[in-house]
Amino acid sequence: MFICPDRCKQFLHFMRRRQGTLFGSLKYVSTTMESTSTHKLYHPLTLATRRASITASTSASKALEAPLLNSTYVLSSVDLHSNQLQGHFPLFLNSSYLDYSRNNFNSSIPIDIGDFISTGSYLSLSSNNFHGAIPKSICNASGVVLDLSNNSLSGNIPQCLTQSHSLLAIDMRRNNLSGTFPDNFLKDCELRTLDLSNNQIQGQLPKSLVNCSRLEVLNLGNNNITDTFPCFLMSISTLRVLVLRSNKFYGSIRCPKTNGTWPVLQIIDLAHNNFSGDMPGRMSLTWQAMVSNEDDSPTNLGFSYKLPGRCKIDSKNPVARYNYRYVTGPSVYYRNAITAIIIGLELNVVKILTIFTLIDYSSNKFNGSIPEEIGELKSLYVLNLSGNAFTGKIPSSFGKMQQLESLDLSKNHLSGQIPPQFAYLTFLAFLDLSNNELVGKIPTSTQISTFPNTSFEGNKGLWGPPLTMDAVLPPPILNGSSSNPNSGDEIDWDVICVEIGFTCGFGIVIGSLCFTKDGGNGITELYVVFFSRYSLSWSKDLVIIEDTST
């Protein structure tokens, strides 16, 4: 038997009353509170409301009311994400799990928020409309995960955040943060994820970031950082994801004076910068996760940890002098996410499998030939080198990348013919070779000729399907001579067979579409098997790449 104080009863009455009027589909999962006025114990309360709807017709009921606000009770876990909560959000003493994400809170973050966060805590205020500066008190707590993403926060990044001994993940993407990057990371930095993308951060990368020797994900895309390629980060052997896209990085990406490697690097995105020079081939051979990924049990990129435990009254011996027992806290899993260009679309990848690999060097100033060594990346799924100044032929070694599913070499100065080895790229789902100087006939008897003509346009010397729909049309005349002197007027049955196969396959894919309607709002989810091992799920502004091999 436990005693619930008056304020607890008021709170439960408040929640049940709201369940019948304002909450709609509120699911009240579990509530446990242990308290006595004499023992002054830790008061755990667990709430879980998912996709509930809190809307009110009066200003008094648009915000959470007492006893939620200014409560003196300890809530060990509060999960109110994915609702329509408004006004000021409640804080509770020593909470170890606070999730207010995906609501409509519209205020500044309380300046004393750090006083309400316990050691080893999880705090998520993401996807609201919080504004103003990040209070420095947030550094007072020894939290593990801090997620302030998708808000309207402004000002500088608090320097005290980089001096935390406990933080494993800092996610502040999609805000209006400005100023320079604090350069005071501690030598025993434990950070695994640092995501500051889509802000207005300036200056250079902090050299002290090298102290975070366990860093796995570094996403600084879409900022105003001006610096050279961070060769010093190659000493961090745990790095899996490096995103520097849409900044002002410049110079070569060669690191001749660095002995470190990135053996588990699986995603590197340098697109839309001012990098120049040639593309180093030998450096990419050190990325073993792309050369040969032998992960037979792929998992989502992230980490798990246990929330702090608590003392609980021992119900078997409630009158004993020491009638407490320690209960371990629940496990929390933090999952990383990035935005990347895949199959020509900007997708929000909210589940990053450990076998998913990507290289994006697009929209820079790289020149020279594409190194043959790139073909040794046999576990690479996405390669984008478009919008540069690469010259020479497409390496025939590309035929070795038999896991490749998206290839974009458009808007370069590549010459020669399309390598016949492309026939081995049987998983290829997206191809763009447009706006180059390629010549010759597009290979037939392969899936290459089944791509749309936009994949090949802008190459004056290319001919054959799909650019030339008439199979008996001779190749174009270059410099007064035909590029194929042995061509005749007979029907190319290989082309026709490929076209028939493509038509049948396309019909099967379209037939596998699954539509789900939600409350008359039209199509909300669209599933289509696109990659051979992945399913793209589109839900309004959300795209998920999931493993479907099982």
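This is a predicted model: local features need pLDDT of at least 70, side-chain atom pairs count only at pLDDT 80 or more; totals for chains, interfaces and linings use all residues.
1. Residues are numbered from 1 along each chain as its sequence is written, and side-chain values use heavy atoms, leaving out hydrogens and water.

2. Cys189 and Cys212 also form a disulfide with their sulfur atoms 2.2 Å apart; the term stands for a pair of cysteine sulfur atoms within 2.5 Å. The link of Cys189 and Cys212 is right-handed, with 85 degrees about the S-S bond. It joins distant parts of the chain, 23 residues apart: Cys189 sits in the loop between strand E9 (176-177) and strand E10 (193-195), and Cys212 in the loop between E10 and strand E11 (217-219). Strands (E, at least two residues) and helices (H or I, at least four) are DSSP runs numbered from the N terminus.

3. How many disulfides does a search of the whole structure find? There are three. In another of them, the sulfur atoms of Cys139 and Cys160 are 1.9 Å apart, and this link is right-handed at 60 degrees about the S-S bond. Cys139 is in the loop between strand E5 (131-132) and strand E6 (145-147), while Cys160 is in the loop between strand E7 (152-155) and strand E8 (169-171), 21 residues apart. Cys139 counts as partly exposed because its relative accessibility is 22%, and Cys160 is partly exposed at 25%.

4. Do look at Cys231 and Cys255 too, a disulfide with sulfur atoms 2.0 Å apart. Its torsion about the S-S bond is about -80 degrees, so the link is left-handed. Cys231 and Cys255 are each buried.

5. Turning to the rings, the structure holds ten aromatic pairs. Rings of Phe, Tyr and Trp (its six-membered ring) pair if their centres lie within 6.5 Å, with planes under 30 degrees apart counted as stacked, over 60 as edge-to-face and the rest as tilted. One of the pairs is Tyr100 with Phe105, edge-to-face at 6.0 Å centre to centre and 80 degrees between the planes; both residues are buried.

6. Why is the pair of Phe181 and Phe185 tilted? Their planes are at 50 degrees, with ring centres 6.3 Å apart. Phe181 is buried at 8% relative accessible area, and Phe185 is buried at 6%.

7. Finally, ring pairs join Phe229, Phe249, Trp262, Phe275, Tyr361, Phe366 and Phe390 into a cluster.

Technical notes: Buried means under 20% relative accessible area, exposed over 50%, partly exposed in between (1.4 Å probe, protein chains only).
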